[in-house]
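Visitor: I have a protein model on my screen and I'd like to learn how to read it. Could you walk me through it?

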Amino acid sequence: MDFKIREIRTAQGPKKLVRERETYFRLMQQGLSNEHACQIVGVNEKTGRRWRHGRSPQVKRKAGPAHRPVVPPAGVSRYLHEGERIYIADRVREKASVRAIAAELGRSPSTVSREIRRNRSVDARGRWYYRPYAAQARADARRRRPKPSKIRQNPELRDFIQAGLGQRWSPQQICQALRMTFPDRPEMHVVHETVYQALYIQGRGELRREVARALRSGRTRRMPQRQENSRQPRFKDPMIMISDRPAEVEDRAVPGHWEGDLIIGKDGASAIGTLVERATRYVMLLHLPDGRSAEHVRDALVTTVKTLPGHLVRSLTWDQGSEMAAHVSFTLATDVPVYFCDPASPWQRGSNENTNGLLRQYFPKGTDLTAHTREHLDAVAAELNGRPRKTLNWETPAQRLHKLLAA
């Protein structure tokens, strides 16, 4: 109670009342009213209300440098802190734009916009105000951990999910069934991510561990996901990405653009290379009896490409598998550029993915692919190339390629 009567009663501005402000909030936390706390501290009641609501007196600012950014403390940069919320409240009262506030704070505009939308207060007339201390309290309540799980608290919900997993339903199918079975009971509604978390987080034990085996992926642990911009470069030599591929490749009007990949044998110890021409769907198989290292794949590609006319080999599209680490030396030997797909984007080589599925009828998963000779691979490729294709108006890939060679 050091400030019951202030010695200096003249206006001192917000900066010179730091100690008074700290004492005011300490008294408010003790349960005192605004009027009583202001009397003890020695400030006007309006000043106390401005402090509590995070408002600053409306003072016309002179044109000059922009507001100084409020730098988040080290270690908590992911979340807004109280100082930033006070700053946002002051700038909102000055009618600053969200993008201007975000630039001054060094935050994303979406972060500031979401903060104002989620934590603002609305009065009876529908008007909204952004009060930083109330916003901070809401954020703290939202971040309180650990939170009780919805599945753990509701045995009926847990039993329904366990029964669905026992029938080999996916979590998304289970969640939709919950909404259809219990349309008027929101406590029985969850999103599929909630089910996945209950399965994968072992410490909670909300669902029996054996039901995790019902997932079609067969995984008992969640696979880590990384952002694209956090990935390390795949090869020491720079890659040419598929976004830089010529436009003529997309419409399949010009022949000579190929897609490639490997089909892997038992325990990853053997492989067969596959090449598919985009315009004709013509298939060629690479024999890799000595392994699937970058050098072996490069040599097999060079040997195969040199058997074709130059106008039928214009480019090669591959995924970012380690077998293409020698892509630069392949390009130097054949003058064929290699374009790489984006990570985890198999649809960018759709023809090759479809062909690999057809080849699994001849080379089943879990088998040793070194048992197949060069002659057998050629026979399989010839059988596929002699098969009529709907996408070719029921012509065969071999017929289409023969027409191109004749022309």
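This is a predicted model: local features need pLDDT of at least 70, side-chain atom pairs count only at pLDDT 80 or more; totals for chains, interfaces and linings use all residues.

Visitor: Okay, how many helices and strands does the protein chain have?

Guide: Helices (H or I, at least four residues) and strands (E, at least two) are DSSP runs, numbered from the N terminus. The protein chain here has 16 helices and eight strands.

Visitor: What percentage of the residues is buried?

Guide: Buried means under 20% relative accessible area, exposed means over 50%, and partly exposed is in between, using a 1.4 Å probe and protein chains only. Of the 407 residues in the protein chain, 38% are buried. For the surface, areas come from the Shrake-Rupley method with a 1.4 Å probe, and for residues only the protein chains shown count as cover. The accessible surface of the chain is about 25000 Å², and 50% of that belongs to carbon and sulfur atoms.

Visitor: And what about contacts between residues that are apart in sequence?

Guide: Contact means heavy atoms within 4.5 Å. Take the contacts in this chain between residues at least 6 apart in sequence: 56% of them join residues at least 24 apart.

Visitor: Now helix pairs. At what angle do H9 and H10 cross?

Guide: Axes are lines fitted to C-alpha atoms, for helices over the stretch in contact, and angles run from 0 to 180 degrees between N-to-C directions. Helix H9 (residues 155-166) and helix H10 (residues 171-181) cross at roughly 130°, and their axes come within 10 Å. To name such angles, under 35 degrees counts as roughly parallel, over 145 as roughly antiparallel, 65 to 115 as roughly perpendicular, and the rest as oblique. H9 and H10 are therefore oblique to each other.

Visitor: Is their crossing left-handed or right-handed?

Guide: A crossing is left-handed if the near helix is turned anticlockwise from the far one by less than a right angle, and right-handed if clockwise. H9 and H10 make a right-handed crossing.

Visitor: Which residues of H9 and H10 meet?

Guide: From H9 come Leu157, Phe160, Ile161, Gly164 and Leu165, and they meet Ile174, Ala177, Leu178 and Thr181 in H10. For classes, Ala, Val, Leu, Ile, Met, Phe, Trp, Tyr, Cys and Pro count as nonpolar, Asp, Glu, Lys and Arg as charged, and the others, Gly among them, as polar. This contact has seven nonpolar, two polar and no charged residues.

Visitor: How do H12 and H13 pack?

Guide: Helix H12 (residues 294-305) and helix H13 (residues 327-334) pack at about 20°, with axes 10 Å apart. They are therefore roughly parallel to each other, and the crossing is right-handed. Arg298, Leu301, Val302 and Val305 of H12 make the contact with Ser329, Phe330, Ala333 and Thr334 of H13. By class, that gives five nonpolar, two polar and one charged.

Visitor: Why does Asp267 count as exposed?

Guide: Its relative accessibility is 71%, so Asp267 counts as exposed. Arg252 has 26%, so Arg252 counts as partly exposed.

Definitions and conventions: Residues are numbered from 1 along each chain as its sequence is written. Side-chain values use heavy atoms; hydrogens and water are left out.
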